[in-house]
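This report walks through one protein model, from overall make-up to single residues. Please keep the sequence and the 3D view open while reading.

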Amino acid sequence: MKIGILAVQGDYEAHARMLERLGADYLLVRTPEDAGQVEAVILPGGESTTMLKFLKEEGLEEALRALEARGAAFFGTCAGAILLARAVRAPAQESLGFADLVITRNAYGRQVASEVRSAPSKLKAEPLEMVFIRAPWIDEMGPGVEVLAREGGRPVLVRDGRMLIATFHPELTEDTTVHEYFLKLAAGRASRDGSESSASNSTASKSITSQPSIAGSSPIPRR
């Protein structure tokens, strides 16, 4: 199985190093022809508007939609999470719409408000290290979306069928846990509680429901 990493802008090299550590076969995806050679795709952090513009101009959007229609797994981190969402706010922009989520851009504040935090997850017993850099918030989730980790009361790692979405940057840590989970998801061996399974799960329902609002300000202080 070959994992594609969208490599047009952003921190794609950090994802590549993580996959190298895990011994996974990968390809840096820059053209529709590249996309046709992979079975799963990572959409990295960076600037979502820049990436979306490139996808449209170079024909990659159609290639990614073809992969999604064939049941490929996708993993979006930060800007990649924005690209996967069904709807985007602050400001509104187009997206691929593969995951049943509504996301608000840059909700954690400016670049100087970036911070490293740790929080529990369903993926392992120990807290998961999370690097937040101008991170988005997940504001709404469909009923089939599973929360794998929360931080500050908000979902920060979720799964919608074969879509894995992180509002933080697991590729900027030494912990391979999230990428290991994605490889299992891509191979159809990840269960909905974060453990391994012999069969993949069906794609979740696509209707949106609002999440309860969280009282208080952003868990990452603004400066």
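## Overall make-up

How many helices and strands are there in the protein? There are 6 helices and 13 strands. Helices (H or I, at least four residues) and strands (E, at least two) are DSSP runs, numbered from the N terminus. The model is predicted, so local features need pLDDT of at least 70 and side-chain atom pairs count only at pLDDT 80 or more, while totals for chains, interfaces and linings use all residues. Residues are numbered from 1 along each chain as its sequence is written, and side-chain values use heavy atoms, with hydrogens and water left out.

Of the 223 residues in the protein, 54% are buried. Buried means under 20% relative accessible area, exposed over 50%, and partly exposed in between (1.4 Å probe, protein chains only). Among contacts between residues at least 6 apart in sequence, 66% join residues at least 24 apart. Contact means heavy atoms within 4.5 Å.

## Nonpolar cores

The largest nonpolar core has 34 residues. Phe74, Leu101 and Ile165 touch the most other members. Two or more residues come from each of β3 (40–43), α3 (48–57), α4 (60–69), α5 (79–84), β5 (85–89), β6 (99–104), β9 (137–141) and β12 (163–166). α5 gives the most, with 5 residues. Another core, of 30 residues, lies apart from it; among them are Leu19, Ala24, Ile42 and Leu183. A nonpolar core is a set of buried Ala, Val, Leu, Ile, Met, Phe, Trp, Tyr and Cys residues joined through side-chain atoms within 4.5 Å.

## Helix α6

Helix α6 covers residues 177–186. Of its 10 residues, 8 are buried, so the helix is largely enclosed by the rest of the structure. The buried residues in α6 are Thr177, Val178, His179, Tyr181, Phe182, Leu183, Leu185 and Ala186. Gly188 follows α6 and has a positive phi, near 75°.

## The largest pocket

The largest pocket holds about 230 Å³ of space. It is lined by 15 residues, and the closest to its centre are Gly46, Glu47, Cys78, Ile133 and Arg134. The lining divides into 6 nonpolar, 6 polar and 3 charged residues. Here Ala, Val, Leu, Ile, Met, Phe, Trp, Tyr, Cys and Pro count as nonpolar, Asp, Glu, Lys and Arg as charged, and the others, Gly among them, as polar. On a 1 Å grid over the protein atoms alone, a pocket is an open set of points where a 1.4 Å probe fits, with protein on both sides within 12 Å along at least five of seven lines; lining residues have an atom within 4 Å of a point. Grid points are joined across faces, edges and corners, and the volume is the space filled by probe spheres set on the points.

Most residues other than glycine have a negative phi. Cys78, not a glycine, has a positive phi of about 55°. Cys78 lies in the loop between β4 (73–77) and α5, and is buried at 5% relative accessible area. Arg134 also has a positive phi, near 45°. Arg134 sits in the loop between β8 and β9. At 33% relative accessibility, Arg134 is partly exposed.

## The β7–β8 loop

Ser121 is found in the loop between β7 (115–119) and β8 (128–132). Is Ser121 buried or exposed? Ser121 is buried, with a relative accessible area of 16%. Its side chain reaches the backbone nitrogen of Leu123 at 3.1 Å. Beyond neighbours within four places in sequence, Ser121 is in contact with Leu128, Leu148 and Ala149.

Pro127 is in the loop between β7 and β8. Pro127 is exposed, at 53% relative accessible area. Leaving aside neighbours within four places in sequence, Pro127 is in contact with Ser118, Ala119 and Pro120. Pro127 and Ala149 are 22 residues apart in sequence and 9.7 Å apart in space, C-alpha to C-alpha.

Thr104 is found in strand β6. Thr104 is buried, at 15% relative accessible area. Not counting residues up to four places away in sequence, Thr104 touches Arg89, Ala90, Pro136, Trp137 and Asp139.

Ala92 lies in the loop between β5 and β6. At 67% relative accessibility, Ala92 counts as exposed. Ala92 and Thr104 are 12 residues apart in sequence and 8.5 Å apart in space, C-alpha to C-alpha.

Notes. Polar contact = N/O pair within 3.5 Å; in protein donor to acceptor, adjacent residues only side chain to side chain.
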